[in-house]
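Trainee: I would like a close look at one part, the pairing of charged side chains. Please take me through it in one go, then turn to the surroundings.

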Amino acid sequence: ADGRRSDDGARTRGRASAPHVRTARTEDAVGDIDLHLYLSTNRDQSGVLVVRERASMRELARLHALGRGSRGVGDTQMQVNGNTPVGTYRVKRLKSTAGWSTTSYGPNGALELEPVAGLAKDAEQLVGRSGLLIHGGSRGAPGYWRGQGQLRATQGCVRLSDADMQRLTTLLGEAQEDLARAQSTAIEVTLTVAEFPASIAAPPL
């Protein structure tokens with residue numbers, strides 16, 4: 001279903017789809033997932049999203065990711081539509097992107113993020129940043145400033161390629177199925193965003 005855009009260009013309403021995500025857990029269980037996004041302080045550069053199973057710390061995937069907003073160069077994390085703020089987020093749910101722009105969001109859903117700690121929480125409380133997502137979308141066309149075929153900047157969200165977004169949602173779906181077989185109801189997914197002065201060695205496109 002369609003929804004309105006937030007200040008950061010994300011939809012604030014939409015049809016939820018699996019995997020469902022619990023708000024709290026008392027212990028780790030097979031299926032819980034931690035996402036770690038490693039970015040350069042130069043947000044013009046792409047970074048790496050590492051997907052791990054929490055209980056075993058087993059790495060499931062490394063995905064090409066971009067945390068560049070639309071407010072230009074420099075540290076814009078505390079500006080609406082700026083770079084994705086560092087910190088910790090809870091993944092609330094996977095939202096359907098049916099009816100949304102496939103150019104902007106892709107066809108594979110979007111993970112809705114809730115700031116929990118760090119600059120992510122500060123940006124929400126002090127400047128009202130909200131509606132951040134992990135989503136796909138089309139790559140840069142000829143003449144795009146980051147280069148043809150590169151991930152395009154967003155209004156503050158984390159962008160993956162459509163193929164990597166499909167891979168991520170498939171991994172989460174499989175984790176949900178594993179937990180269901182263990183007679184639990186939902187996985188917990190967290191995202192930690194960190195940045196470093198050096199360039200991040202991203203996997204090839």
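**Charged pairs and their setting**

Mentor: Glutamate 59 and arginine 62 form a salt bridge, with their closest N and O atoms 2.8 Å apart. The term means a side-chain nitrogen of Lys or Arg within 4 Å of a carboxyl oxygen of Asp or Glu. This is a predicted model, in which local features need pLDDT of at least 70, side-chain atom pairs count only at pLDDT 80 or more, and totals for chains, interfaces and linings use all residues. Residues are numbered from 1 along each chain as its sequence is written, and side-chain values use heavy atoms, with hydrogens and water left out.

Glutamate 59 has a relative accessible area of 35%, so it is partly exposed. Arginine 62, at 48%, also counts as partly exposed. The classes are buried (under 20% relative accessible area), exposed (over 50%) and partly exposed in between, with a 1.4 Å probe and protein chains only.

Salt bridges with shared partners join Asp32, Asp34, Arg54 and Glu188 into one network. Take arginine 54 there. Its salt bridge to aspartate 34 has the closest N and O atoms 2.7 Å apart. Arginine 54 sits in the loop between strand E3 (47–53) and strand E4 (59–65), and aspartate 34 in strand E2 (residues 33–40), so the pair ties together parts 20 residues apart in sequence. Strands (E, at least two residues) and helices (H or I, at least four) are DSSP runs, numbered from the N terminus. Arginine 54 and aspartate 34 are both buried.

Arginine 54 also meets glutamate 188 in a salt bridge, at 2.4 Å from N to O. This pair links distant parts of the chain: glutamate 188 lies in the loop between helix H3 (162–181) and strand E9 (189–196), 134 residues from arginine 54. Glutamate 188 is buried, as is arginine 54. In all, the structure holds 11 salt bridges. Side chains of opposite charge can pair when their charged atoms come close.

Now the surroundings. Valine 116 is in strand E6 (residues 110–117). Its relative accessible area is 45%, so it is partly exposed. Valine 116 touches Thr88, Tyr89, Arg90 and Lys121, leaving out residues up to four places away in sequence. Contact here means heavy atoms within 4.5 Å. The C-alpha atoms of valine 116 and tyrosine 89 are separated by 5.1 Å, although the two are 27 residues apart along the chain.

Last, valine 127. This residue belongs to helix H2 (residues 119–127).
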